[in-house]
Amino acid sequence: MEIDSMVANSALIRARGGGGGKGRSWKWKDMLRFPHISQCMELAKTLERDYYSLCVKQPIGRQLFRLFCQSKPELQVSLSDLYPNVLHLALTLPSPICEGLCVLGIHLRLLCFYSDLHEYLSGAPFLQYQQSMYFDRFLQWKMVERQPVTKHIFRQYRLLGKGGFGEVWAFQARASGKMYACKKLEKTHVKKGKGEAMALNEKQILETLNSRFVVSLAYAYETKQSLCLVLTIMNGGDLRFHIYNMGTSGLEQDRVQFYAAEVCCGLHHLHQMNIVYRDLKPENILLDDNGHIRISDLGLAVTLSEGNLVRGRVGTLGYMAPEVIGNDYYGLSPDWWGLGCLVYEMTAGRSPFKRKGERVIGKEMERRIQEEEEEYGKIFSNETKDFCRLLLTKDPRDRLGCQGSGVYGIKSHPFFRTINFRRLEAGVIEPPFKPDPRAVYCQDVQDIDEFSTVKGVILGRADNDFYIKFNTGSVAIPWQTEMIEMGCFKELNVFGPQGSRPPDLDW
Ligand code: ADP
Ligand code: MG
Ligand code: MG
């Protein structure tokens with residue numbers, strides 16, 4: 001390995017290891033300074049007063065509403081008439097524990113309790129909350145969240161990978177120290193490749209998702225040269241790297257089952273929102289520090305309008321479903337074909353329609369996918385073979401996952417007999433493989449091809465309209481999660497004696 005690469009890697013490893021406020025800029029408190037409450041009036045007028053969004057979904061909103069409830073003895077009393085001793089419990093339980101309880105089977109009772117509780121809290125207590133200093137503080141946090149985002153709020157580390165429109169770099173938010181991956185789309189490349197709609201589509205789909213099995217978008221902003229998507233950093237490398245570059249070819253059965261199950265949950269989340277992903281392949285499935293996977297690269301994902309099908313020959317050669325190649329109308333079916341290809345490739349160490357090391361041209365690959373039966377070697381167990389066969393059914397109407405039972409048909413297949421999906425969805429299952437925290441699971445910096453520059457493309461006024469739509473800054477839930485997780489919320493959210501001014505900040 002070359003010296004440049006070693007330096008870049010060790011800087012990244014050091015930054016990744018920094019917890020407890022270590023990666024923060026010395027100016028972090030200035031970067032997150034609350035505006036005076038009088039500067040929040042415009043926001044107060046325009047903010048949609050939706051209980052569920054303000055007090056349940058948004059992490060900082062939830063914390064402040066909880067603090068408000070705890071500050072009201074009368075609220076504790078009236079609630080404890082309804083539910084002795086449980087108010088405190090429910091409002092203080094972090095959501096992983098609630099999820100844990102669900103796993104233990106207290107699911108239904110807790111759900112009933114939860115909906116009653118929220119019905120109660122969304123009435124008078126929610127109105128009172130909006131008159132309190134806790135809500136003022138929420139508005140202040142919201143103003144900080146909505147500050148314009150520029151490249152100056154991040155530190156840049158090494159190059160992680162290369163995509164169609166630009167490079168992906170390791171980043172760190174200066175205010176909190178949290179690590180991210182920044183996917184840069186170069187404006188000239190986007191324009192030359194007519195990728196505007198695609199870039200905007202990727203950004204808009206990402207910002208509506210919130211799943212532990214799909215990368216989250218935390219910020220979208222622009223620089224002079226690029227459009228930037230700041231995403232969950234996935235330090236464990238992609239599945240392609242693990243299938244082919246770790247010495248062995250193919251993965252052990254327990255890993256195949258585990259990754260397939262998590263991908264299945266990610267696809268389910270997308271499908272529930274009527275999104276077809278269309279780009280399932282090992283390179284797009286990434287591992288985090290603990291060995292959990294997330295689906296990434298939503299550039300080809302598309303939202304189906306209610307009950308409608310789409311058409312479009314998109315995807316990657318070798319992974320496209322027969323109905324995509326055939327230019328037919330389709331719904332969610334290409335993704336279940338993709339899952340079949342993925343399980344096949346993780347098991348065999350090669351994709352289903354290509355021998356090892358073989359180069360296949362486009363037309364021939366398409367013919368094989370549409371006509372040929374894939375072969376199963378001895379490495380396939382009976383369940384794995386049956387599972388792949390059912391998913392790699394050429395006619396989407398007969399394919400597993402595309403019938404009435406939908407995803408449940410897949411989850412209940414014997415291939416997944418060792419997987420408890422409820423526990424998996426709650427994030428309480430230990431992954432079978434944990435990436436080494438001192439390793440960098442990607443190619444050396446100098447081995448990643450340099451991104452070519454485009455000449456002769458001039459960016460003008462018309463391009464600006466599109467950049468403005470892209471450049472929306474922080475995304476609420478991931479940004480608030482960052483503030484809480486990195487300890488910034490706790491350190492800054494102090495209340496002075498007479499109300500909401502923290503004593504240690506200069507107003
Ligand atoms: P494209 O849409 O152009 O294919 P991708 O989103 O797939 O771009 O990113 C290109 C490469 O960058 C990936 O194959 C992966 O190696 C790396 N990469 C992308 N997103 C992340 C991430 N969130 N964390 C770590 N590496 C990433
Ligand atoms: Mg990709
Ligand atoms: Mg893409």
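N274 counts as partly exposed, because 15 C-beta neighbours lie inside 10 Å, a count that falls between the 12 or fewer of an exposed residue and the 20 or more of a buried one. In this predicted model, N274 sits in the loop between α14 (253–272) and β6 (275–276), and its phi is near 60°, a positive value in a residue other than glycine. Such a value deserves a second look, because most residues other than glycine have a negative phi.

Is R278 buried or exposed? R278 is buried, because 24 other C-beta atoms lie within 10 Å, whereas N274 counts as partly exposed.

L32 counts as buried because it has 20 C-beta neighbours inside 10 Å, and 20 or more is what a buried residue requires. If its neighbours within four places in sequence are left aside, L32 is in contact with V144, A175, C488 and L492. Taken from C-alpha to C-alpha, L32 and H271 are 37 Å apart in space, and 239 residues separate them in sequence.

The helices can be followed through two packed pairs. In one of them, helix α5 (residues 59–70) and helix α10 (residues 133–145) have axes that come within 9 Å and cross at roughly 165°. The two helices are therefore roughly antiparallel to each other, since an angle over 145 degrees counts as such, and α5 passes α10 in a right-handed crossing. On the α5 side the meeting residues are I60, G61, L64, L67 and F68, and on the α10 side they are Y134, R137, F138 and W141. Sorted by class, this contact of α5 with α10 has seven nonpolar residues, one polar and one charged.

In the other pair, helix α12 (residues 196–208) and helix α21 (residues 461–470) pack at an angle of about 15°, with their axes 10 Å apart. How are α12 and α21 oriented to each other? They are roughly parallel, because angles under 35 degrees count in that way, and α12 passes α21 in a left-handed crossing. The contact is made by E196, A199, L200 and K203 of α12, together with F466, K469 and F470 of α21. By class, the residues of this contact of α12 with α21 divide into four nonpolar, no polar and three charged.

Around ligand 1 there are 21 residues, of which G161, G163, V168, A181 and D297 come nearest. Three strands, β1 (154–162), β3 (179–186) and β5 (226–232), each supply at least two residues of this shell. The shell around ligand 1 comprises ten nonpolar, seven polar and four charged residues.

For the protein as a whole, the model shows 23 helices and ten strands. Buried residues, the class to which L32 and R278 belong, make up 37% of the 507 residues in the protein. Among the contacts in the protein with a separation of 6 or more, 71% are accounted for by residues 24 or more positions apart.

Technical notes
Residues are numbered from 1 along each chain as its sequence is written. Chains are lettered from A and ligands numbered from 1 in the order in which they are written. This is a predicted model: local features need pLDDT of at least 70, side-chain atom pairs count only at pLDDT 80 or more; totals for chains, interfaces and linings use all residues. A residue is near a molecule or strand if its C-beta atom, placed from the backbone, lies within 6 Å of it. Helices (H or I, at least four residues) and strands (E, at least two) are DSSP runs, numbered from the N terminus. Ala, Val, Leu, Ile, Met, Phe, Trp, Tyr, Cys and Pro count as nonpolar, Asp, Glu, Lys and Arg as charged, and the others, Gly among them, as polar. Two residues are in contact if their C-beta atoms, placed from the backbone, lie within 7 Å. Axes are lines fitted to C-alpha atoms, for helices over the stretch in contact, and angles run from 0 to 180 degrees between N-to-C directions. Angles under 35 degrees count as roughly parallel, over 145 as roughly antiparallel, 65 to 115 as roughly perpendicular and the rest as oblique. A crossing is left-handed if the near helix is turned anticlockwise from the far one by less than a right angle, and right-handed if clockwise.
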